Amino acid sequence: MAGPRAETLLWIAQRASAAVLALCVLVHLATMIYAVQGGLTAAEILDRTRGSFGWLAFYSLFVAAAAVHAPIGLRTVLGEWFGWRGRTRDAALALFAVVLAAMGMRAVFAVFA
Amino acid sequence: MNATLRVSVWRGGADGAFRDYDVPRRASQTVLDVVTYIQRALDPTLAYRFACRVGMCGSCAMTVNGAPRWTCRTHVDRVAAGGRLRIAPLANLPVIRDLVCDMREFFDKWARAGGRFHPRATRRDDFARVPPASEARKLADAGIECIGCGVCYAACDVVARVPGYLGPAALNRAWTLVQDERDAAGITRLRAVAGEAGCHACHTHMSCTERCPKHLAPTAAIAGLKRAVAAAALRGEL
């Protein structure tokens, strides 16, 4: 178990990332609803995202928020349900955060470049 | 009203079992009256706790038909569906015998949560004058009537899941002291209540608030602690 300061900062990070995610999910869903109006094609999506620094910034933020939010929530689940606490859990979840961020950014760059 | 109540009472320790008793129904009968009748008229070996009988001492809490309640102020009319009662010791605490559970862990957690008052002043100082209308005083007032009955602790899902979790009563007590301007424990107490065993473990299920016989809101106290701890962490004080 981390110290009170680290635990509290994790809690703040999870709440803050949740606020970012709430906004990102709304924008994402609204864009999806808007984008499928005239049928959905890969070409149309790529046309919107390729070379767009705005969408690059938006989806990078989305990925970062998810990579922060999910591992902290999972940390609680692992502690409560399986009694897995301590450094090994935190190391595994840090790795999970890196994997989430890497996979997310790979997808973001795939539609940007 | 049925003339007789069928009452199943937990007998023995953790590996005990329910035993059935027939208890005469009376007007305005409380669950504690029922237990007392069994002990006095049917089976003197039944162990249970009570003291004040008027909802002040917090010693008679038990699990009544599945929910934790203070038995001295719980009327049979309100809880005995179909003339049946099932009375067990409080959940989330080790059973000593019959309806008596070991409250040590519950109160040790009050101490661990910084539940002791640490005075700022000495006996040579004048009385502290705390304005009744001040925000801090109102927040402390909202949680200060806790009688330490353990009902919230028995109702809490997180206590059941996380053995070290301080629980709603201890955290509520800590919150009233955080709001007490005469208290000097400050950051020490906030450190004690932060983290996976403290306020951050609360899932806001609100079972404590729903069950509290004094109608306190430990959930609100815990949310207050989360805010106070977060503010201290952001100021770099934690």
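**Conventions.** I number residues from 1 along each chain as its sequence is written, and I letter chains from A and number ligands from 1 in the order in which they are written. For this predicted model I need pLDDT of at least 70 for local features and count side-chain atom pairs only at pLDDT 80 or more, while totals for chains, interfaces and linings use all residues.

**Sheet of chain B.** I looked up the strand order first. Chain B has an open sheet of five strands in the order β2-β1-β5-β3-β4, with mixed pairing. Strands pair here if DSSP finds at least two bridges between them; helices (H or I, at least four residues) and strands (E, at least two) are DSSP runs numbered from the N terminus. β2 (17–24) and β4 (67–70) of chain B are the edge strands, each with a single partner, so one side of each has no neighbour in the sheet. I note an average twist of 35° from one strand to the next. Angles run from 0 to 180 degrees between N-to-C directions, with axes as lines fitted to C-alpha atoms, for helices over the stretch in contact.

**Helix on the sheet.** Helix α1 (residues 31–42) of chain B packs on the sheet and touches β1 (4–11), β2, β3 and β5 (84–88) of chain B. Its direction makes about 95° with that of β2(B). I take two residues as in contact if their C-beta atoms, placed from the backbone, lie within 7 Å.

β3 (residues 61–64) of chain B runs antiparallel to β4(B), and four bridges join them. I find B:Met62 opposite B:Arg69 and B:Ala61 bridged to B:Trp70. Two residues lie between the strands of this hairpin, and B:Asn65 in the turn has a positive phi of about 45°.

**Domains of chain B.** The domain assignment, which is automatic or from a database, gives domain 1 (4–101) and domain 2 (104–234). Their C-alpha centres lie 29 Å apart. The contact takes 15 residues from domain 1 of chain B and 15 residues from domain 2 of chain B. On the domain 1 side, β3 and β4 of chain B are the elements that give two or more residues, and β4(B) gives the most, with four residues. I sorted that side by class: nine residues are nonpolar, four polar and two charged. Ala, Val, Leu, Ile, Met, Phe, Trp, Tyr, Cys and Pro count as nonpolar, Asp, Glu, Lys and Arg as charged, and the others, Gly among them, as polar.

**Cores.** A nonpolar core is a set of buried Ala, Val, Leu, Ile, Met, Phe, Trp, Tyr and Cys residues joined through C-beta atoms within 7 Å; buried means 20 or more other C-beta atoms within 10 Å of the residue's own. The largest core has 70 residues, and B:Ile87, B:Leu171, B:Val193 and B:Leu225 have the most contacts inside it. Helix α7 (residues 168–178) of chain B supplies the largest share of this core, seven residues. Each of domain 1 and domain 2 of chain B contributes at least three residues to this core.

**Chain A against chain B.** 10 residues of chain A are in contact with 11 residues of chain B. α1(A) gives the most to the chain A side, with seven residues.

Key: Buried ≥ 20, exposed ≤ 12 C-beta atoms within 10 Å, placed from the backbone.
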